[in-house]
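Please keep the sequence and the structure in view while reading.

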Amino acid sequence: MTIRIGQGFDVHAFGDGDHVMLGGVRVAHDRGVLAHSDGDVVIHALCDAMLGALALGDIGQHFPPSDPQWKGADSLAFLRHCRALLRERGWQLGNADITVVCERPKVGPHALAMRETLAGELGLALDAVSVKATTSETLGFTGRGEGIAAMAVVLLVRSP
């Protein structure tokens with residue numbers, strides 16, 4: 001069996017707003033994020049992991065923040081694009097493991113909904129998508145509540 005791995009990371013500063021998008025799920029929060037698209041750090045990190053495993057650069061190359069067509073874009077469109085790139089090249093996603101880093105909002109109550117959304121978009125079984133969270137113990141920009149980050153790792157397998 002031929003496999004590849006990829007890893008991704010994304011971060012956004014908090015700004016004005018009343019929610020954040022995480023894994024395609026709208027999560028109520030007293031802040032929004034500063035971003036060109038909807039700023040979904042979970043999907044952005046996941047896309048970077050998928051693109052990295054394919055050696056196709058990063059999300060900024062495929063969806064440049066300088067391009068006005070992506071202003072306010074739903075990040076699920078980015079994920080669909082990355083899934084199509086996998087298929088075109090004969091790969092499929094084996095599994096994805098994602099970690100959100102923030103003090104707030106609390107991710108745990110929304111993790112299952114994120115997993116369901118991502119698994120559905122990717123055509124995966126629910127047990128092939130992991131979403132978990134950690135804090136940075138009040139250290140750094142996430143600890144001070146200045147922003148939110150996510151890391152993702154994926155395993156690709158060659159389609160039969």
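## Residues with a positive phi

Is Ala55 buried or exposed? In this predicted model, Ala55 is exposed, with a relative accessible area of 66%, and its place is in the loop between helix 1 and helix 2 (59-62). The phi of Ala55 is near 60 degrees, which is a positive value in a residue other than glycine. Most residues other than glycine have a negative phi, and most peptide bonds are trans.

Glu137 also has a positive phi, of about 55 degrees, although it is not a glycine. Glu137 lies in the loop that connects strand 6 with helix 5 (140-143), and with a relative accessible area of 61% it is exposed. A glycine with a positive phi is found just after helix 4, where Gly123 takes a value of about 70 degrees.

Five strands form an open sheet in the order 4-1-7-5-6, and their pairing is mixed. The edge strands, each of which pairs on one side only, are strand 4 (32-33) and strand 6. Strands of a sheet pair through backbone hydrogen bonds, either parallel or antiparallel.

On the strand 7 side, Asn95 has Leu155 as its bridge partner, while Thr99 is partnered by Met151. On the strand 6 side, Asp97 stands opposite Ser130.

## Helix 4 and its buried face

Which residues of helix 4 are buried? They are Ala111, Met114, Leu118, Ala119 and Leu122. Seen down the axis of helix 4, these buried residues fall within an arc of 125 degrees, so they line one face of the helix. An α-helix has 3.6 residues a turn, so residues three or four places apart point the same way.

Helix 4 lies across strand 5 and strand 6, and it runs at about 145 degrees to strand 6. Together, strand 5, helix 4 and strand 6 make a right-handed β-α-β unit. Within the loop between strand 5 and helix 4 is Pro105, which is joined to Arg104 by a cis peptide bond with an omega of about 5 degrees.

Helix 1 likewise packs on the sheet, where it touches strand 1 (3-15), strand 5 and strand 7. The direction of helix 1 makes about 150 degrees with that of strand 1.

Definitions and conventions: Residues are numbered from 1 along each chain as its sequence is written. This is a predicted model: local features need pLDDT of at least 70, side-chain atom pairs count only at pLDDT 80 or more; totals for chains, interfaces and linings use all residues. Side-chain values use heavy atoms; hydrogens and water are left out. Buried means under 20% relative accessible area, exposed over 50%, partly exposed in between (1.4 Å probe, protein chains only). Helices (H or I, at least four residues) and strands (E, at least two) are DSSP runs, numbered from the N terminus. The arc is that of the directions from the helix axis to the C-beta atoms. Two strands pair if DSSP finds at least two bridges between them. Contact means heavy atoms within 4.5 Å. Axes are lines fitted to C-alpha atoms, for helices over the stretch in contact, and angles run from 0 to 180 degrees between N-to-C directions. A crossover is right-handed if, with the strands pointing away from the viewer, the path from the first strand over the helix to the second runs clockwise.
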